[in-house]
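Please read the points below with the model open beside you, and check each one against what you see on the screen.

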Amino acid sequence: MKEYIFLNIGSTGINLAQSYWHLFCLEHGISPNDGEPDLLCLPKDDDNSHVIFRETKTIPYGPIKYTPRSVFVGEQSEIDSIRAGSCKNLFPAESLIDCPSECGGVYSKSYMLKVQLEKTIEQMRKETELADSIEGFMLFNSIGGGLGSGFTNALLEQLGDSFGKTQKAGFNFYPVYDISSKPHQVINSILALAKMQDLLNLSFVLDNSALARMCTNQLERESASFKDMNSIATLFLSQLTCSMRNDGALNTSLSEMESNLVPYPTIHNIVSSMAPLYPAQKVLENDLLVTDITLKLFEQASFMQNIDINQGKYMACAVVYQGDIVPKDVGHGISRIKTSRTIQFVDWCPTGFKCGINYQTMHEQIPDIMDIKRVKRGALMLGNSSSYREFPKMFVQMSEDINALKIFKKDFECIEESDYDVALEQLKAKVSDYTEIEAETVEDEGQTEEH
Ligand SMILES: Nc1nc2c(ncn2[C@@H]2O[C@H](COP(=O)(O)OP(=O)(O)OP(=O)(O)O)[C@@H](O)[C@H]2O)c(=O)[nH]1
C-alpha cells in the first residue's frame, strides 16, 4: 500500500483542508462529521481510500472509524475553526498543532518555531508507523503567509532529514499581492520559493488572483471569497488525486506524476486548468462534449494561474478526463488542440500529451455547501510550462518596488541579509533557466549528452 500524509499549514492550509477532507469523506462513503462509514453507501471495488484514511477504533469492539492521514499547524483560532466546522470530530486532537499568534506574518519568526516543528515531525512519525509504506507528503500553504512560508520551509528541511527521499508535493497558494499594505508577503514569498525549489519534488501553483477571477467569471459570484476559491481548489485536488484514491488511469501516484511532468528536478512548478466549472444554479441543456471540454481546458480563463500561458512552451502536459467519457472522443479532442496550434511544446519534447480517463462519476459528491454544479464529465490539465517564469520575474520586480532590503533589515531578524540576496539571485536564475530550457533544441540536447 502506498499512503500519503497531508500537511496543512497556516490559515490557507487549514481552511482548504476542511473543504477537501469534507469532499474526500463524501467521495469515499464516510461521514465528514466523525469519520464513521455511511452505511447507505455501497462499497466500490476500485476504492483505495486507505491511501488517505486509516481505520481506527475508539473503543475495543466499537465501530470502525476512518481517520484522515493528516496534520494541521496553525494559530489557535485556526485550530479552533476546525472544531467548529463541518469536520469537527474527524481529526484526532494530536494532529492539531497550535502556534503562538505573535509569530504571525513574518517568515523568520515562523521559521524558528522549534517546538511546533518537533511536534509536527513527531506526529508524522506516528502517522508513518500506522501506515504500510508512505509514498509521499502533500503540503498545503500560502507562500505569502508567515507560517505558510517560514514554517513550511523549516518543515521541508526537516522532512528531508527525517524521512529521506519520500516524495514531497507542495500545493502552494500565491496570494494577491498588495505591496503597499502587505509588503512582508513579497519577502515571505521570495524566501519561501527560493528554498522550496530544492526541497519539493512537485509544486502545484495555485494563484489566488486566478481563483478569484474564476469565482466571478465562471461561478458568477459578485465577489470572490476564500470559501469559493477553496472550493475550486478542492475540486482541483479531488480530480488530481482521483487516480490515487481509486484505481485510476494516469498519475496514479506522486512519483508517476513527477516522471510524467518534471524533466529536470528543479523545473517542477506545475500550471493547471480545469473545465467545466459552473455555479450550482446554472441550467444546462446538455453537458459539454469531450472536444469542447478539451478546447475549454486550454483557454486562459480555465487556468488557475494569472499568467499568459501561451507566452511559454510546454515541457509536459497530462490531461485526466473524468466521468462519462469514451477514449475515441478523447482522441478527437486532443487532435483538435494539436491542429489549432494554440499550444506549443519545446523542441526537445515532441511527445506531447499524456491522457487518461477516470470513470468515477464527476462531481457526484460535491457537497451542497460548495454551490458548484455537478456535471457528467470534465477534465483536469497539468502542465509544465516555461510561462511559469513570469512568477519569479514578478517577485524580483516587486522586491525592487517595495525596497525590500529596508523592510527586511527592520522586521526579518534571525535571517542574514545575504540570505535574502541569495534567495533573490536564485529567483533571477530561475527566470533564466526557464528561458534557456525553452530555447533548447534537440541538437543542444544531443551535444549535452555527448559531453
Ligand atoms: N486561497 C486562500 N487564500 C487564503 C486563505 N486565507 C488566507 N489566504 C491568503 O493567504 C495570504 C497569507 O497566508 P495565510 O495562510 O493567511 O498566512 P499563514 O500561513 O497562516 O501565516 P501568518 O501570516 O503567520 O498568519 C493572505 O494574505 C490571503 O491572501 C484561504 O482560505 N484560501
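1. In this predicted model, the residues of the shell around the ligand divide into 13 polar, four nonpolar and three charged. The shell holds 20 residues, and the closest to the ligand are S11, T12, G105, G148 and Q185.

2. Helices contribute to this shell: α1 (10–27), α5 (146–163) and α8 each supply at least two of its residues, and α1 gives the most, with four residues.

3. Several polar atoms of the protein can be followed to the ligand one by one. A polar backbone atom of S11 is 2.7 Å from an oxygen atom of the ligand, while a backbone N or O atom of G146 lies 2.9 Å from an oxygen atom of the ligand. For N208 it is a polar side-chain atom that lies 2.9 Å from a nitrogen atom of the ligand. On its own the ligand has 630 Å² of accessible area, and the protein covers 88% of that area.

4. Helix α8 spans residues 226–245 and includes Q239. Because its relative accessibility is 3%, and buried means under 20%, Q239 counts as buried. Between Q239 and M381 there are 9.8 Å in space, C-alpha to C-alpha, although the two are 142 residues apart in sequence.

5. Helix α4 (residues 114–129) has 16 residues and reaches 23 Å from its first C-alpha to its last, which is close to the expected 22 Å. Its buried residues include Q116, L117, T120 and I121. Seen down the axis of α4, the buried residues fall within an arc of 160°, so they line one face of the helix. On the other side of α4, K114, V115, E118 and E129 are exposed.

Note on methods: Residues are numbered from 1 along each chain as its sequence is written. This is a predicted model: local features need pLDDT of at least 70, side-chain atom pairs count only at pLDDT 80 or more; totals for chains, interfaces and linings use all residues. Side-chain values use heavy atoms; hydrogens and water are left out. The expected span of a helix is 1.5 Å times one less than its number of residues. Buried means under 20% relative accessible area, exposed over 50%, partly exposed in between (1.4 Å probe, protein chains only). The arc is that of the directions from the helix axis to the C-beta atoms. A residue is near a molecule or strand if one of its heavy atoms lies within 4 Å of it. A polar contact is a pair of N or O atoms within 3.5 Å; within protein, one must be able to donate a hydrogen and the other to accept it, and residues adjacent in sequence count only if both atoms are side-chain atoms. Accessible areas come from the Shrake-Rupley method with a 1.4 Å probe; for residues, only the protein chains shown count as cover. Ala, Val, Leu, Ile, Met, Phe, Trp, Tyr, Cys and Pro count as nonpolar, Asp, Glu, Lys and Arg as charged, and the others, Gly among them, as polar.
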